[in-house]
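The structure is shown first, and the description follows.

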Amino acid sequence: MRITQGAFSFLPDLTDAQILKQIEYGLANGWAISVEYTDDPHPRNTYWEMFGIPMFDIRDAAGVMSEVNACRRTFPSHYIKVNAFDSARGRESVRLSFIVNRPAEEPGYALVRQEGPGRTIHYTTRAYATERPEGARY
Amino acid sequence: MNAVDAQPRSAAGEERALDLEALYRDSHVGEVIERLDRELVGLAPVKGRIRDIAALLLIDKLRHAVGLSSGAPALHMSFTGNPGTGKTTVAVRMAEILHRLGYVRKGHLVAVTRDDLVGQYIGHTAPKTREVLKRAMGGVLFIDEAYYLYRPENERDYGQEAIEILLQVMENQRDDLVVILAGYKDRMETFFRSNPGMSSRIAHHIDFPDYTPGELITIAHLMLKQMQYRLSPEADAALREYIGKRRALPHFANARSIRNALDRSRLRQASRLFERRGGSIERQDLETLEAADIRASRVFLQPPGGEGPS
């Protein structure tokens, strides 16, 4: 099951040229780009691992792209996303975030039912991938 | 070849001539070169080379447009010359020219020295160098005193690692950044001799000559104009004499020495004016440097060839 988080996730995977253009757009707006990765695909897994610190002083998308590619080399079958952080006063949040790398196979989620008091049922989802320990999931 | 070529030449040739003019105008490269001419004194050979390079790049673009093979031109450069001859200033202009012609995407200049590239312990150098390269992407990386990267006397020096990463990027990411190495001429030559890989990747070697005394005077006047000061006629004569004496002393750094000398004269002028704070001070006093301000320099006290200029 293909996970859909962030911008463009219902589209086919972006090509490198398209990623470059998106990064260029972010840089043109003065946003700081950062690269993050994870192997826990759960939608509530908000805090991914940072790959290096956010790039506040980079002027050109090629510099960011080299970082993205370094991350892909290190974690070829992790989820990798690119975030663009807007530091403008009052905004101070991520303006754009999209996935640039995903595992070849995404096993999806199991529906977990938990019986509560009075025969109520609590539903939750759990990723099949997280059955194995971190680092050995994909 | 000729017979085939001759047929469409008249029509297409004219069109191409127009193209070049339009391309030149659209790139606004002329303005940058003009400003270079106006704001930098002397340096005739440097300006000539820059005009040549700009012309080459323009023609390359045109060749590309009509479908002739051009191949990405090699743009890495080396600027050699004594201190204070305008290498950094020219590098900034070069970045602008390359940007206008579309050979670098952003046209900013990242100036670094050995300390920014080479780490202190094993494994520190590569990330540091990559960080700098990332920052310079889309612009020009200016490495001042590049020969310090290579220390032959210490074979475990990490500079070599930085050089290797640089070489790799200079070769593989020629579209992404242009590297300019700068430093003293003789030491750069030694550096290139011991790093043939570096030497062969650098297409343009530009040598910055020392300024003549006349040019230094012009530069001094230009600086004073920017700082909104004037020289009294006696001070002008004193400055000429100062430059003559200072050039003979060691550690003469061309335009930088002149700037320092002027800064010190301003200091003396300020304390001279402060001494007579009882009396009235006019606008003219504030903007005029007197001969005494310049003649108080230690350069005038010493016999020629003495050590330690002030």
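Predicted model: local features only at pLDDT ≥ 70, side-chain atom pairs only at ≥ 80, totals over all residues.

## Helix packing in chain B

In chain B, helix α2 (residues 29-39) and helix α3 (residues 44-65) have axes that come within 11 Å and cross at roughly 175 degrees. Because angles over 145 degrees count as roughly antiparallel, this crossing makes α2(B) roughly antiparallel to α3(B).

The residues that meet are B:V29, B:I33, B:L36 and B:D37 on the side of α2(B), and B:K47, B:I50, B:R51 and B:A54 on the side of α3(B). Sorted by class, this contact of α2(B) with α3(B) holds five nonpolar and three charged residues, with no polar residues.

## The sheet of chain A

Chain A contains an open sheet of four strands, which follow the order β2-β1-β3-β4 with antiparallel pairing. Its edge strands are β2 (49-50) and β4 (93-101) of chain A, each of which pairs on one side only.

Strand β1 (residues 32-38) of chain A runs antiparallel to β2(A) and is joined to β2(A) by two bridges; A:Y37 stands opposite A:E49, a residue in β2(A). Helix α2 (residues 61-74) of chain A lies across β1, β3 (79-86) and β4 of chain A, and the helix runs at about 5 degrees to β1(A).

## Where the chains meet

The contact between the chains takes eight residues from chain A and nine residues from chain B. On the side of chain B that touches chain A, the residues divide into five charged, three polar and one nonpolar.

Notes
Residues numbered from 1 in each chain as written. Chains lettered and ligands numbered in written order. Axes fitted to C-alpha atoms, helices over the stretch in contact; angles between N-to-C directions. Parallel < 35°, antiparallel > 145°, perpendicular 65-115°, else oblique. Contact = placed C-beta atoms within 7 Å. Nonpolar A, V, L, I, M, F, W, Y, C, P; charged D, E, K, R; others polar. Pairing = 2+ DSSP bridges.
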